[in-house]
Amino acid sequence: MPAADPPAAADAASDEGAPAHAPPPRPRPPPPPRPLSLASALPFWFYFAAAVSLVALLLPRISPSSSSPAPPTPLLRAHLASGSVLKLDPAPGLFAATSRPGGGGSPARRVLILPGLAAGSFSFRRVLSSLSSRGVLAAALDLPGQGLSPPAPPAAPAPARASVLREIMDRGVFHAFEHLVQTGEVPYQEEPAAPPGPSPHAPAEAAAAVARAVEALGVAPVHLVLHDSALAAGAAFALANPGAVQSVTLLDATASLPAFPAAVFDVPVLGRLVLRVPALFRGLLRLCCARGLGAEEAEAHRAAMRGDGRTHGVIEAWKAMNHSFQLGEWKGSSDEVRRLPMMVLWSGSWSDMWIDEGKKVAAALPDAKFVYHSGSRWPQEDASEEISGLIAEFVTSSEEASDGRIE
């Protein structure tokens with residue numbers, strides 16, 4: 001842009017020293033017109049309307065219909081073939097995957113795995129196979145509404161209350177005076193709302209479903225392996241069924257700090273977007289659950305999450321977690337639980353904060369065997385052989401110790 005014209009006084013001063021016959025200065029050409037920008041030509045409301053239109057076009061692509069059940073991947077189909085949905089009464093049914101050792105007969109050692117939030121029995125497929133190769137009957141149960149289990153029925157609604165206005169209209173206003181004179185009680189009072197029925201995803205309800213599944217499988221007594229957020233439900237099962245549990249192994253187990261970020265999927269548009277885009281879902285799992293998770297495994301997890309009602313089940317299970325659960329209190333809750341052999345397998349490479357959390361677990365269970373493993377918070381995905389070896393060794397040693405006490 002050309003510089004501004006100097007003041008007139010400055011022009012006069014410069015003209016005083018100029019020769020008298022000098023021609024007058026040529027007028028400067030006007031500055032060229034500034035190019036017309038789109039921002040100055042179009043009003044603001046046009047941009048606003050364009051932005052709204054763009055969002056309206058993109059939202060249908062991530063609408064609930066776009067997150068309809070996806071066909072299972074080859075890995076997921078193979079896992080589906082290794083198990084079945086147990087039809088339990090009362091519902092909900094649970095998907096159970098079982099791996100039996102070769103050679104026939106009834107194996108003496110039985111391991112039952114309860115996977116954590118959104119991990120599902122699929123994530124333990126290699127652990128199940130490895131345990132069966134070591135002579136252990138291994139089973140994994142998907143908790144209500146998670147993994148490959150069918151959607152859990154909703155909690156029973158609170159009973160309906162009679163409307164005060166409706167009662168007055170039905171009986172009349174003067175009925176209140178008659179009722180007051182006869183009984184001395186004030187009629188037409190609002191009764192407190194009754195609490196809704198228990199959530200099928202709550203730890204106590206999930207533990208009851210696990211007990212029915214164990215009975216249907218006929219695998220009791222079992223060596224219980226609790227992963228991640230399955231701690232509270234598994235602890236409730238062990239407390240209510242002491243004769244059905246021989247030992248307890250905690251695998252990076254926590255009652256209130258699940259690895260899977262279910263809160264992301266509780267945000268409507270964001271959750272659908274992450275579930276729709278494979279790269280986003282895979283990145284989320286690698287960031288929060290298992291750093292070495294492969295693309296094929298992540299896609300199988302995504303297909304399982306896109307199953308009928310399963311995203312909702314994971315969110316509801318996350319909301320129903322028992323954040324007041326205390327491991328030390330559970331350990332001392334009964335003589336049977338106190339006598340159970342226990343082992344804690346904890347990631348020693350995930351983060352310093354997670355190592356500190358493991359130290360709290362070790363302090364709450366001072367008699368438990370504590371072992372650091374090299375895997376992630378879903379070690380069944382990236383350290384399956386190491387995990388299955390430690391579990392098989394602990395199960396064998398606890399049974400030998402139990403046999404020695406009996407003799």
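Modeller: A helix here is a DSSP run of H or I with at least four residues, and helices are numbered from the N terminus. The model is a predicted one. Just after helix α5, G135 has a positive phi of about 85 degrees.

Biologist: What makes residues 125–133 a helix, and which of the residues in α5 are buried?

Modeller: Residues 125–133 form one DSSP run, and a run of at least four residues counts, so they are called helix α5. Within α5, R125, V127, L128, S130, L131 and S132 are buried. In the chain as a whole there are 19 helices and eight strands.

Biologist: Why is E215 called exposed?

Modeller: The relative accessible area of E215 is 68%. E215 belongs to helix α8.

Biologist: How do you know that the span of helix α8 agrees with its number of residues?

Modeller: Helix α8 has 15 residues, 203–217. The expected span is 1.5 Å times one less than the number of residues, and for α8 this gives 21 Å. The end C-alpha atoms are 21 Å apart, so the two values agree.

Biologist: What makes the buried residues of α8 line one face?

Modeller: The buried residues are P203, A206, A207, A209, V210, A213 and V214. Viewed down the helix axis, they fall within an arc of 160 degrees, so they line one face of α8. An α-helix has 3.6 residues a turn, so residues three or four places apart point the same way. On the other side of α8, A204, E215 and A216 are exposed.

Biologist: What do the buried residues of α8 pack against?

Modeller: They pack against strands β1 (83–86), β2 (94–99), β3 (110–114) and β4 (137–141), and against helix α9 (231–240). Just after α8, G218 has a positive phi of about 70 degrees.

Biologist: Why is β4 called largely enclosed?

Modeller: Five of the five residues of β4 are buried, so the rest of the structure largely encloses this strand. L137, A139 and L141 are buried on one side, and A138 and A140 on the other, which covers both faces. In a regular strand the side chains alternate between the two faces of the sheet. Strand β2 is mostly covered, with five of its six residues buried.

Biologist: How do you know that β2 and β4 pair, and in which sense?

Modeller: Two strands pair if DSSP finds at least two bridges between them. There are four bridges between β2 and β4, so they count as paired, and the sense is antiparallel. A97 has A140 in β4 as its bridge partner, and T98 stands opposite A139 in β4. Strands β3 and β4 also have four bridges, in the parallel sense, and I113 stands opposite A140. Strands β1 and β2 pair in the antiparallel sense over four bridges; there, L86 stands opposite L94.

Biologist: Why is A118 called buried?

Modeller: Buried means under 20% relative accessible area. A118 has 12%, so it is buried. A118 lies in the loop between β3 and α5, and has a positive phi of about 70 degrees although it is not a glycine.

Biologist: What makes D252 buried or exposed?

Modeller: The relative accessible area of D252 is 0%, and under 20% counts as buried, so D252 is buried. D252 is not a glycine, yet its phi is positive, near 45 degrees. The residue lies in the loop between β6 (245–251) and α10 (262–265).

Biologist: Which peptide bond is cis, and what is its omega?

Modeller: The bond that joins A220 and P221 is cis, with omega about -5 degrees. P221 lies in the loop between α8 and β5 (222–227).

Biologist: How many cavities of 30 Å³ or more does a search of the whole structure find?

Modeller: The search finds three. The largest cavity has a volume of about 160 Å³. It is lined by 19 residues, of which L143, Q146, H201, S229 and A317 are the closest to its centre. Helices α8 and α9 each supply at least two residues of that lining. A cavity is a set of points where a 1.4 Å probe fits but cannot get out, which is why the term applies here.

Notes: Residues are numbered from 1 along each chain as its sequence is written. This is a predicted model: local features need pLDDT of at least 70, side-chain atom pairs count only at pLDDT 80 or more; totals for chains, interfaces and linings use all residues. Side-chain values use heavy atoms; hydrogens and water are left out. Buried means under 20% relative accessible area, exposed over 50%, partly exposed in between (1.4 Å probe, protein chains only). The arc is that of the directions from the helix axis to the C-beta atoms. Contact means heavy atoms within 4.5 Å. On a 1 Å grid over the protein atoms alone, a cavity is a set of points where a 1.4 Å probe fits but cannot get out, and a pocket is an open set with protein on both sides within 12 Å along at least five of seven lines; lining residues have an atom within 4 Å of a point. Grid points are joined across faces, edges and corners, and a volume is the space filled by probe spheres set on the points.
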